[in-house]
Structure formats: structure tokens, C-alpha cells
Amino acid sequence: MLIRKFELRDSIEVSKLIRNAILNRDNRGYTIEQIFSICNHHSGENMMLDFDKKIGHVGIIDGKIIGVSMLREGEVTKVFIDPEYQGRGIGKQLMNLIEKEAINRGIRKLWLISSLPAIKFYENLGWKTVGDFFHEKWGKAVRMEKEVIR
Ligand SMILES: CC(C)(COP(=O)(O)OP(=O)(O)OC[C@H]1O[C@@H](n2cnc3c(N)ncnc32)[C@H](O)[C@@H]1OP(=O)(O)O)[C@@H](O)C(=O)NCCC(=O)NCCS
């Protein structure tokens, strides 16, 4: 797998990958409207906004983007892996890169909003739940944090 920085031209392909990952995950606890609102939040258009404030990485296999992670200041805004490639350590690899980028930028604490099915993944990587989060459009989630140490 090749890993490189996310570029503006990846936005559409990445938004399709995210949509596929969301639609194929365990969506118990969410309504159809909430699921599609979450997909729309990760649209190619939104991805292009404030591009200069974001640091993203994409994983590529056979010329196809199969994973993405993104950091915006101290917030991890995206980690999504193509369903066909989940469970192979790629999400963990992309999260480790985010931590390295944060350390290089002097960010000591990272935070994210995790949807319910991803909580265990983050816990496995040392993240702690610090509170519930509810968004009218996206439904239930939790806020998680992690101190990053060099
Ligand atoms: C959640 C997601 C990013 C994880 O990526 P992945 O590449 O499948 O995960 P990895 O293979 O790197 O797993 C890393 C570790 O976390 C564990 N893990 C991964 N997903 C898990 C889950 N849903 N529940 C419990 N543990 C999980 C793995 O067992 C592995 O443990 P190990 O290091 O002890 O072997 C990916 O499955 C995904 O895109 N899911 C759908 C979309 C989503 O929910 N994204 C998060 C948005 S908040």
C-alpha cells in the first residue's frame, strides 16, 4: 500500500469511499436521515473547505484510494477505510500518522467525535471517551480525547 498526503483532487473519490464505509457499517441506533446527513457532511465540497487547515493522508492500493484520515488543528475529522480492506491494520496505520503530524505541529491533545460503531476502534488505540455528543442531524456520538506524546 502506498500512503501519501491527501490532495484537493482526491475529494470526490474520498467522499465516495466514506459514503461506502458509512453505508456498510453497523448503523444500529441511527435513522436513515441521520446516516445520509453524516454522508453529506463528508461530501467532496465540504472536504475542499479550509483545505489549508487540514492535513490528510490517503492509502492507495492498485491506484485506488482505500483509506483516509484527516486532522484539522487538534481535531481528527475523518478516519475511514474501504469495507473491503477493513481489519488489516490500515486504520491504525493512518491514525499513527495523524499522531506524528500532531506531534510535529506541537499539538499535545487530540480530540474527535466518534460515531457509536467506531468507539472500540479508538479505545483500542488509547483514546478515552470524555462525554456524550448529540447532533440533531447526525444523532448519537461521543467525544473522545488522546494525549499525544513524542
Ligand atoms: C473504524 C475503522 C476506521 C477501523 O479501521 P480498520 O482498518 O478496519 O481497523 P484496523 O484493522 O487498523 O484495527 C486496529 C485495531 O482496532 C481493532 N478494531 C478495529 N475496528 C474495530 C471495531 N469496530 N470494534 C472493535 N475493535 C476494532 C482491531 O481489532 C485492531 O486491533 P489490534 O491492533 O489489537 O489487532 C474502519 O473499520 C471503518 O472505516 N469503519 C467504518 C467507518 C467508521 O465508522 N469510521 C469512523 C468514523 S467516526
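Which residues of α2 are buried? They are Q34, I35, S37, I38 and C39, where buried means under 20% relative accessible area, exposed over 50% and partly exposed in between (1.4 Å probe, protein chains only). The structure is a predicted model, in which local features need pLDDT of at least 70, side-chain atom pairs count only at pLDDT 80 or more, and totals for chains, interfaces and linings use all residues. Residues are numbered from 1 along each chain as its sequence is written, and side-chain values use heavy atoms, with hydrogens and water left out. Helices (H or I, at least four residues) and strands (E, at least two) are DSSP runs, numbered from the N terminus.

- L23 belongs to helix α1 and is partly exposed, with a relative accessible area of 39%.
- Not counting residues up to four places away in sequence, L23 touches I35, F36 and C39, contact meaning heavy atoms within 4.5 Å.
- From C-alpha to C-alpha, L23 and C39 are 8.3 Å apart in space, and they are 16 residues apart in sequence.
- G44 is part of helix α3 and is buried, its relative accessible area being 5%.
- Leaving aside neighbours within four places in sequence, G44 is in contact with S11, I12 and S15.
- G44 and G56 stand 12 residues apart in sequence, and their C-alpha atoms are 14 Å apart in space.

**Nonpolar cores**

- A nonpolar core is a set of buried Ala, Val, Leu, Ile, Met, Phe, Trp, Tyr and Cys residues joined through side-chain atoms within 4.5 Å.
- The largest such core has 19 residues, of which V76, M95, L110, Y122 and W127 touch the most other members.
- Two or more residues of this core come from each of β4 (75-81), α4 (90-104), β5 (109-115), α5 (119-124) and β7.
- With four residues, α4 gives the most to this core.
- M95 touches V76, V79, L112, F121, Y122, L125 and W127, not counting residues up to four places away in sequence.
- A second, separate core has 17 residues, including F6, V14, I22 and C39.
- In soluble globular proteins, nonpolar side chains tend to be buried together.

**Surroundings of E145**

- E145 lies in strand β7 (residues 139-147) and is buried, with a relative accessible area of 18%.
- The side chain of E145 makes a polar contact of 3.5 Å with the side chain of K109 and one of 3.3 Å with the side chain of R143.
- A polar contact is a pair of N or O atoms within 3.5 Å; within protein, one must be able to donate a hydrogen and the other to accept it, and residues adjacent in sequence count only if both atoms are side-chain atoms.
- Not counting residues up to four places away in sequence, E145 touches K109, L110, W111, W127, K128 and V130.

**Salt bridges**

- A search of the whole structure finds 12 salt bridges, each being a side-chain nitrogen of Lys or Arg within 4 Å of a carboxyl oxygen of Asp or Glu.
- R4 forms a salt bridge with D10, the closest N and O atoms being 2.8 Å apart, and both R4 and D10 are buried.
- D50 and R72 pair through their side chains in a salt bridge of 2.6 Å, N to O.
- D50 lies in the loop between α3 (44-48) and β2 (54-61) and R72 in strand β3 (residues 64-72), so this pair ties together parts that are 22 residues apart in sequence.
- D50 is partly exposed, with a relative accessible area of 37%, and R72 is also partly exposed, at 22%.

**The largest pocket**

- The largest pocket has a volume of about 1,200 Å³.
- On a 1 Å grid over the protein atoms alone, a pocket is an open set of points where a 1.4 Å probe fits, with protein on both sides within 12 Å along at least five of seven lines, and lining residues have an atom within 4 Å of a point.
- Grid points are joined across faces, edges and corners, and a volume is the space filled by probe spheres set on the points.
- Among the 49 residues that line this pocket, T77, K78, V79, F80 and Y122 are the closest to its centre.
- The largest share of the lining, seven residues, comes from β4.
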